[in-house]
Amino acid sequence: MIRPLARRRIDVRGIVVPLVLAALWVVASVTGHWDPHLLVPPAQLARGFIATLHNADFWIAAGSSLLRLLTGWLAGSVAGVALGLVVGCSALAEQIGAPSLNAVRQVALFAWIPLLTAWFGDGNTAEVILIALAAFFPAALNTETGCRNAPIALREVGRVLEFGPREILRRIIIPAAMPSIASGLQIALTSAWIGTIGAEYLIDQGNGLGVFLSSARMDNRMDVVLFCIVALGFIGFALSTALRLAFAAGTPAMALAAVDD
Amino acid sequence: MIRAIPFVDIANPPELGRHARQRSQAAPTRWLAVALGAIVPLSVLAVWSLAVALHAMRPQILPSPLAVWAAGVDMLRSGDLASALEVSLGRVALGLALGSAFGLVAGAALGRSRTLDAYFGPILRAICQIPTIAWLPVFMLIFGIGEELKIAIIAKAAFLPILLNTFAGVRTASARYHEVANVLEFSPLQRLRFVTIPSALPMIVSGLRLALSNAWHVLIVVEMLASASGIGHVMAWSRTLFQLDVVFVTVVAIGVTGWLMDFAMRAAERRFSPWSASA
């Protein structure tokens, strides 16, 4: 009982390096040895952070990025889990689908942007499709692996109980694959968030944090750029923590519900 | 009740049989697999040709498969594709070398010394939370949009996977090996040569594989954004000129190059996996 508590205590040594770096930063900006555009002085950085926090454009950008992320992630995950289930449960579907899936997966995600923008225009549609694509592959791969690794003994129980294929899927394979699917959806969310920022930054149209970031760079505002990056990291971390907690609360219940009814 | 239990062949359950069959594929089965795998690409090609034949989309937006093929042959013959890939791969090699050198040293140091880990670990892990692509604007402000930018961002993309994997590989080297090294009174150099490196190598190679894949992905983005050469630039520029046949060729080239690099790294992973390294 004592050890986990002791281990959880924050190791103060971890904040030494950040403090030293911060001190160097203050000294460097006070003595003026560095280009203030690159190494923003602390006071200016603080002002920039506060100004951006009060900037309505930033919140609009963050909101539309989040909306885009959720749309793309949901679409990509639903498609990915569905395809993962089909390919993971049927040997025939695997032989038909897996080679093409693996071939398409080799293309770097953002290399799809030129084609997507040519087909769907420089706007929201192309961005959401790219985000969905970013979410699709992790969701599909993890679902497929989860289905394939559903214990043979459990499937045999299903056969002994004379379950139909649908019941085997619903009561045995999906509950067994649930942890893997859940982690696939988590990876999909992280990947979709990277896809959101990258797509907005590269396409650079409309609203979004990526666009906001890009224009801050154009204006040579390192303080705003840094604020955006911290915000990106924070949003990504918050989203994946929220999803992890949701799954931790939901997964056993879902598995039980599938077995109980 | 007994009647309700269907016959289950314990010795040869169907799933195992399926996988066993897949492993020892006879020639006809292999041809079947190729034929089945070709269904999706061929259907896509058919729909694509049909859409072109019916003028469903403007030819600037959807070039015919033959036009793409011709553009590919042309780019291969003229050497345009090879020279663009050469530039891109040169950047990957340089950035990867730089990033892995730092990653290896830092990972090994943090893995060996718990004190260093306590000081530097938390800030490095915090930096991990932010994806490489988000650092791009900062790097652009610091390095401009020249060659340094590409090398620096690739090095950054490669650094963290190598650092984390080297760290894990060094940290998990079995304590027993270190006890043997103590008994044999190894010098630090001998310990590095005979204990640390062999036991950490598989993890390091896996880290390198991840680093290479990250580096390739981020390079494409940088070249699309800020470059006058390389495969990503050719792709973005052809898109601006609405030469979508060239865009298709570059997408395939990016996919094939990524796949070849990953294939080579997977082979290296198998080569350095624990059971072969100990031999």
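Start with the contact between the two chains: select the 46 residues of chain B and the 45 residues of chain A that form it. Two residues are in contact here if their C-beta atoms, placed from the backbone, lie within 7 Å. On the side of chain B that touches chain A, the helices that each supply at least two residues are α1 (14-23), α2 (27-37), α3 (39-53), α6 (114-128), α7 (132-143), α10 (188-225), α11 (231-240) and α12 (244-271). Helices are DSSP runs of H or I with at least four residues, strands are runs of E with at least two, and both are numbered from the N terminus. Colour that side of chain B by class: 37 residues are nonpolar, 6 polar and 3 charged. Nonpolar covers Ala, Val, Leu, Ile, Met, Phe, Trp, Tyr, Cys and Pro; charged covers Asp, Glu, Lys and Arg; the others, Gly among them, are polar.

This is a predicted model, in which local features need pLDDT of at least 70 and side-chain atom pairs count only at pLDDT 80 or more, while totals for chains, interfaces and linings use all residues. Residues are numbered from 1 along each chain as its sequence is written, and chains are lettered from A and ligands numbered from 1 in the order in which they are written.

Next, show chain B by itself. Chain B has 13 helices and 0 strands. Of its 279 residues, 33% are buried. Buried means that 20 or more other C-beta atoms, placed from the backbone, lie within 10 Å of the residue's own; exposed means 12 or fewer, and partly exposed is in between. Among contacts in chain B with a separation of 6 or more, 76% join residues 24 or more positions apart.

Select α3(B). The 15 residues of α3(B) should span 21 Å at 1.5 Å a residue, and the end C-alpha atoms are 21 Å apart, which agrees. The expected span is 1.5 Å times one less than the number of residues. α3(B) is hardly covered, with 0 buried residues among its 15.

Just after α3(B) comes His55(B), in the loop between α3 and α4 (65-78) of chain B. His55(B) is not a glycine, yet has a positive phi of about 55 degrees. Most residues other than glycine have a negative phi. His55(B) counts as exposed because it has 9 C-beta neighbours inside 10 Å.

Then go to Glu185(B), in the loop between α9 (175-183) and α10 of chain B. Glu185(B) is also not a glycine, and its phi is positive at about 50 degrees. With 7 other C-beta atoms within 10 Å, Glu185(B) is exposed.

Move to chain A and select helices α4 (residues 56-89) and α9 (residues 165-203), which pack at an angle of about 145 degrees with axes 8 Å apart. Axes are lines fitted to C-alpha atoms, for helices over the stretch in contact, and angles run from 0 to 180 degrees between N-to-C directions. Among the residues that meet are Arg68(A), Gly72(A) and Trp73(A) in α4(A), and Ala192(A) and Thr196(A) in α9(A). By class, this contact has 12 nonpolar, 6 polar and 2 charged residues.

Now select Ile131(A). Not counting residues up to four places away in sequence, Ile131(A) touches residues including Arg68(A), Gly72(A), Trp73(A), Ala192(A) and Thr196(A).

Finish with Arg244(A), in helix α11 (residues 222-260) of chain A. Arg244(A) counts as partly exposed, with 14 C-beta neighbours inside 10 Å. The C-alpha atoms of Arg244(A) and Val30(A) are separated by 43 Å.
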